[in-house]
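Hi everyone, thanks for coming.

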Amino acid sequence: QGQLDESGGGLVQAGSSLRLSCAASGRNISDYNMAWYRQAPGKEREIVASISWSGANINYATYSVKHRFTIIRDNAKNTLYLQINGLEAKDTAVYYCNSGCDGSPYYFNWGPGAQVTVSS
């Protein structure tokens, strides 16, 4: 099982931008379709965005996410990124990365996540 380590979160004001990183070890992300997930307080974890192993196919969960979030992968660095612009209070959540977005197993242990808190 691979390991993941998310970073880049923080407490920011609405309208700000953040770039989250997810560094993988133990497995190569280049072998998997990957995704970013988030879990808001009191809610279940949900998928936010996914990217195929080659980067050719990208999907976003909602219209709002599609126009503010950008998922990026750097297979050479074994790292996944999520650029978030125009942060809104509803984006407050713990953000995680993993495989599993296409019905496949989660090939990595869940990392600690990156806490994003947006103040309005």
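**A buried glutamate and a covered strand**

Let's begin with E6, which lies in strand β1, residues 3-7; strands here are DSSP runs of at least two E residues, numbered from the N terminus. Before going further, a word on the source: this is a predicted model, where local features need pLDDT of at least 70 and side-chain atom pairs count only at pLDDT 80 or more, while totals for chains, interfaces and linings use all residues. Residues are numbered from 1 along each chain as its sequence is written, and side-chain values use heavy atoms, with hydrogens and water left out.

What the E6 side chain does reach is backbone: the nitrogen of G113 at 2.8 Å and the nitrogen of C97 at 3.2 Å. The residues E6 touches, leaving out those up to four places away in sequence, include W36, Y95 and C97; contact means heavy atoms within 4.5 Å.

Now on to strand β8, residues 79-84, where six of six residues are buried. T79, Y81 and Q83 point one way, and L80, L82 and I84 the other.

Which strands sit beside β8? Strand β3, residues 18-25, pairs with β8 in the antiparallel sense over six bridges, and Y81 is the bridge partner of S21. Pairing here takes at least two DSSP bridges between two strands. Strand β7, residues 69-74, also runs antiparallel to β8, again with six bridges, and T79 partners D74. β7 and β8 form a hairpin with four residues between them, and N78 in the turn has a positive phi of about 55°.

Finally, the core. The largest nonpolar core has 28 residues, and L20, W36, L80, L82 and Y95 have the most contacts inside it. Its largest share, four residues, comes from β3. Such a core is a set of buried Ala, Val, Leu, Ile, Met, Phe, Trp, Tyr and Cys residues joined through side-chain atoms within 4.5 Å.

Terms used:
Polar contact = N/O pair within 3.5 Å; in protein donor to acceptor, adjacent residues only side chain to side chain. Buried < 20%, exposed > 50% of the residue type's maximum accessible area, 1.4 Å probe, protein only.
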